[in-house]
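Please read the points below with the sequence and the model open side by side. They go through the packing, the sheets and a few individual residues in turn.

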Amino acid sequence: MASTVLMPYFARFSAAYPRIELSVQVTNDSVRLSEREADVAIRQTNEPLETLIGTRLTTVASAVYGARDYCAAVKSGRAAEKWIGVDCCEYHRAWTKQAWPQAEHEFYVDETSLTLGALKQGLGVGFLPCFLGDSDPELARFREPEKQHELGLWLLYHRDLRNTKRVTLFREHMQREIKQAAALFEGAAPASN
């Protein structure tokens, strides 16, 4: 998310506020905001920690995607349905296990960008956030988004920083940017899909 859809938002913030240092770090581990490891965190979750305050920016929908040709071949019966084994986060791991309970995979990945690359190579189908899947012309939706696969996108911070100018400016900037792109995050597929 940070290197794709969010990066232009970060760039525009840096251009608008050059005196505010913006350091972006990406990790699947939770940054300890209470220990001031960062001023803010952007997290996909439906249950942010009670010790933090923040703003729900939008809903992130996910769907099952595959390479266009592969999806067409499976739907017409010319290819067998295969799923990519995913170990990038607990959400995608659990959703994949639920959708493909036999847990037989010929190919495994441990990061979302690897899932994207594997899907584009026709190695099977798998879950992707709609903002990634719908933005890639080589992919097609194999299954539509379902409510159970939605996550909130939160901008979180320690309560002591809620009135800090840099945090307020960043929060307001991200709210404006993401509001303009809500359809992309929420899975409203472009007309071409």
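**Notes on the fold**

1. Helix 1 (residues 7-16) packs against helix 6 (residues 165-180) with the two axes 10 Å apart and at an angle of about 135°, where axes are lines fitted to C-alpha atoms, for helices over the stretch in contact, and angles run from 0 to 180 degrees between N-to-C directions. That angle makes helix 1 oblique to helix 6, given that angles under 35 degrees count as roughly parallel, over 145 as roughly antiparallel, 65 to 115 as roughly perpendicular and the rest as oblique. Helix 1 contributes Tyr-9, Phe-10, Arg-12 and Phe-13 to the contact, and helix 6 contributes Arg-166, Leu-169, Phe-170, His-173, Met-174, Glu-177 and Ile-178; contact means heavy atoms within 4.5 Å. The residues of this contact divide into 7 nonpolar, 1 polar and 3 charged, with Ala, Val, Leu, Ile, Met, Phe, Trp, Tyr, Cys and Pro counted as nonpolar, Asp, Glu, Lys and Arg as charged, and the others, Gly among them, as polar.

2. On the basis of the model: this is a predicted model, in which local features need pLDDT of at least 70 and side-chain atom pairs count only at pLDDT 80 or more, while totals for chains, interfaces and linings use all residues. Residues are numbered from 1 along each chain as its sequence is written, and side-chain values use heavy atoms, with hydrogens and water left out.

3. The protein chain has 7 helices and 8 strands, where helices (H or I, at least four residues) and strands (E, at least two) are DSSP runs, numbered from the N terminus. Of the 193 residues in the protein chain, 44% are buried, that is, under 20% relative accessible area, with exposed meaning over 50% and partly exposed in between (1.4 Å probe, protein chains only). Among the contacts in the protein chain with a separation of 6 or more, 74% are between residues 24 or more positions apart.

4. Strand 1 (residues 40-45) pairs with strand 8 over 6 bridges, and Thr-45 stands opposite Gly-152. Strand 2 (residues 52-60) is joined to strand 8 by 8 bridges, with Leu-153 as the bridge partner of Thr-58.

5. Why is strand 8 described as largely enclosed by the rest of the structure? The description applies because 8 of the 8 residues of strand 8 (residues 151-158) are buried. In a regular strand the side chains alternate between the two faces of the sheet. Both faces of strand 8 are covered, with Leu-151, Leu-153, Leu-155 and Tyr-157 buried on one side and Gly-152, Trp-154, Leu-156 and His-158 buried on the other.

6. Another open sheet of 3 strands has the order 6-3-7, again with antiparallel pairing. Its edge strands are strand 6 (126-129) and strand 7 (139-143), each of which pairs on one side only, and the twist averages 60° from one strand to the next. Strand 3 (residues 62-67) and strand 6 pair over 4 bridges, and the bridge partner of Ala-63 in strand 6 is Leu-128. Helix 2 (residues 68-75) packs on the sheet, touching strand 3 and strand 7, and its direction makes about 35° with that of strand 7. Helix 4 (residues 112-120) lies across strand 3, strand 6 and strand 7, running at about 125° to strand 6.

7. Two individual residues deserve a look. Trp-95, in helix 3 (residues 90-99), is buried with a relative accessible area of 8%. Not counting residues up to four places away in sequence, Trp-95 touches Ser-62, Phe-127, Gln-148, His-149 and Leu-151. Trp-95 and His-149 are 54 residues apart along the chain, and their C-alpha atoms are separated by 7.6 Å. Asp-136, in the loop between helix 5 (130-133) and strand 7, is also buried, with a relative accessible area of 11%. With the residues up to four places away in sequence left out, Asp-136 touches Leu-116 and Lys-120.

Methods. Pairing = 2+ DSSP bridges.
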